Amino acid sequence: MNTVVNRKMILYVYYITGLSSITWAQPTLSLEEATTRVLAQNRQVLQARATVQIRKEEAAIARSRRWPVLSTAVQAGPILNQASATFPKGSFGEFGSSGPIPDRDTRIGIPRRIGGLSTSQFSLPLTRQLRIGLGIRSADLEIGRADEQVQATEQQVVAQVRVIYFQTVALEAARAAAASQVRVAEEVVRLARKGVAEETSLPAERAEAESRLSRARADAANLEKDIQDGHEQLNVLMGEPIEKHFQLASPLPSLEVRNLEDARARAASNRPEIREARLRLQQADLAIRSGRLEWIPDISLTLTHFGFLNFGNLAPNQFAIAGLSLTWEPWDWGRKNRAAQVARQRREQARLALAQAEAQAGLEVGRAWREWEKAQRDLDAARREAASGAESLRVARQRYEQQTALLRTVLEAQAAWESAGQREARAAAAVGAAWSDLQLAMGAQP
């Protein structure tokens, strides 16, 4: 409550003093905090994590197949056909006092009426436990693959955040340079107009100076647009409201590796796609072993119960049987052999995919490492060039004011300085992007 009152008092003071623009301090967003928000709120990451939960439930389903199965089926309805049974004469024996029972062939039928049939079975798989175990291991590997896909998604999204973050930081740093370029352009226009009035400069030079001022103002406005775009992209990736504003302040971190060999070694152990390819190879091995078990008959411990409702006395109302059940297909027309061949081919594919993933990771790390070195060299050269251009422009302006140089010299120095400043801003953004790409290529943890 006190905070609300104090804010209202501040607003009142600004109002009575005639100040029309009020800017509240924006919260500071470090790179670490941006990464934390992305991992907690990014929609792509959350979708990938949901896949892990699905794989865990599927693994639980696979484990449930180890336990006994109890199934029941019930059917009721009118008896469509008139069932009957014939008992031959004397089928129950012959006696001296009564003669044969029955004394003649006797036919007994079941009238058409509503009846029912129930079947219940308790079955515990025995030999199938081996294949079930392999299926459980394959389901656990699916969980591992889903985890690796989550890691890959997190690394890719965090890499996007890092690139946008450092590009926006570079743009915000270039904001001061853009404002300085506008001020210098305004000063050059003033000198050009003065020179035209004093007939020491040409009208064409004044027009060129004024066009450079318009270009500098347009570049400054476009820079603000790019900064706004960067903030909005960050908000979308972090799952924040798109209109939220932050103050970016994190410097570029240093690399944790010393050379290209260390970077490639780290990629070989950290890249999620490499670890996922290894899991695929393990799954292919399990598929081959599971295919071999197809030749073993399925033996189960079973207890089966049959029940009859309203069938009369012609048949027993119920009976049950317990024992072992065997299911086997000794002749399959070569299907199992072909399935085994397919499993071996898939294992070979998985092996090649693993080798390709390792080679691709090494290639990407090498390219990213060289791009990082190039970006650093370009930034150092751009900074030196910008400093040299600023000094040349200062000297040209001083000589022009001392009437020892033409305005054309000032305009050329101004153009060179502005170009150098733009190259410096691009080089700074390129360094951040190269650092982020190298982190992604190495599989660095977010």
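## Helices H6 and H8

In this structure, the axes of helix H6 (residues 260-270) and helix H8 come within 9 Å of each other and cross at roughly 140 degrees. As for handedness, H6 passes H8 in a right-handed crossing. The model is a predicted one, and what follows should be read with that in mind.

## Helices H4 and H9

Two packed helices are described by the angle between their axes and the distance between the axes. For H4 and H9, the angle is about 170 degrees and the axes are 8 Å apart. Since the cut-off for roughly antiparallel is anything over 145 degrees, H4 is therefore roughly antiparallel to H9. Sorted by class, the residues in the contact of H4 with H9 are 19 nonpolar, ten polar and three charged.

Helix H4 covers residues 129-197, and Lys194 lies in this helix.

## The enclosed cavity

Rolling a probe the size of a water molecule over the atoms shows where empty space is left. In this model the count comes to one cavity of 30 Å³ or more, and the largest cavity holds about 40 Å³ of space.

Which residues line the largest cavity? They are Gln155, Val158, Ala159, Arg162, Gln439, Leu440, Ala444 and Pro446, and they divide into five nonpolar, two polar and one charged. Helix H4 and helix H9 (407-442) each supply at least two residues of this lining, with H4 giving the most, namely four residues.

## The largest pocket

The largest pocket has a volume of about 530 Å³. It is lined by 24 residues, of which Ala174, Gly421, Gln422, Ala425 and Arg426 are the closest to its centre. By class, the lining of this pocket is made up of 14 nonpolar, five polar and five charged residues.

Several helices take part in the lining of the largest pocket, and at least two residues come from each of H4, helix H5 (203-238), helix H8 (335-401) and H9.

## Two residues in loops

Pro102 is placed in the loop between strand S5 (99-100) and strand S6 (106-109). With a relative accessibility of 14%, Pro102 counts as buried, because buried means under 20%. Although Pro102 and Lys89 are 13 residues apart in sequence, their C-alpha atoms are 5.2 Å apart in space.

Trp333 belongs to another loop, the one between strand S10 (318-327) and H8. Its relative accessible area is 68%, so Trp333 is exposed, the cut-off for that class being over 50%.

Methods:
Residues are numbered from 1 along each chain as its sequence is written. This is a predicted model: local features need pLDDT of at least 70, side-chain atom pairs count only at pLDDT 80 or more; totals for chains, interfaces and linings use all residues. Side-chain values use heavy atoms; hydrogens and water are left out. On a 1 Å grid over the protein atoms alone, a cavity is a set of points where a 1.4 Å probe fits but cannot get out, and a pocket is an open set with protein on both sides within 12 Å along at least five of seven lines; lining residues have an atom within 4 Å of a point. Grid points are joined across faces, edges and corners, and a volume is the space filled by probe spheres set on the points. Ala, Val, Leu, Ile, Met, Phe, Trp, Tyr, Cys and Pro count as nonpolar, Asp, Glu, Lys and Arg as charged, and the others, Gly among them, as polar. Axes are lines fitted to C-alpha atoms, for helices over the stretch in contact, and angles run from 0 to 180 degrees between N-to-C directions. A crossing is left-handed if the near helix is turned anticlockwise from the far one by less than a right angle, and right-handed if clockwise. Buried means under 20% relative accessible area, exposed over 50%, partly exposed in between (1.4 Å probe, protein chains only). Angles under 35 degrees count as roughly parallel, over 145 as roughly antiparallel, 65 to 115 as roughly perpendicular and the rest as oblique.
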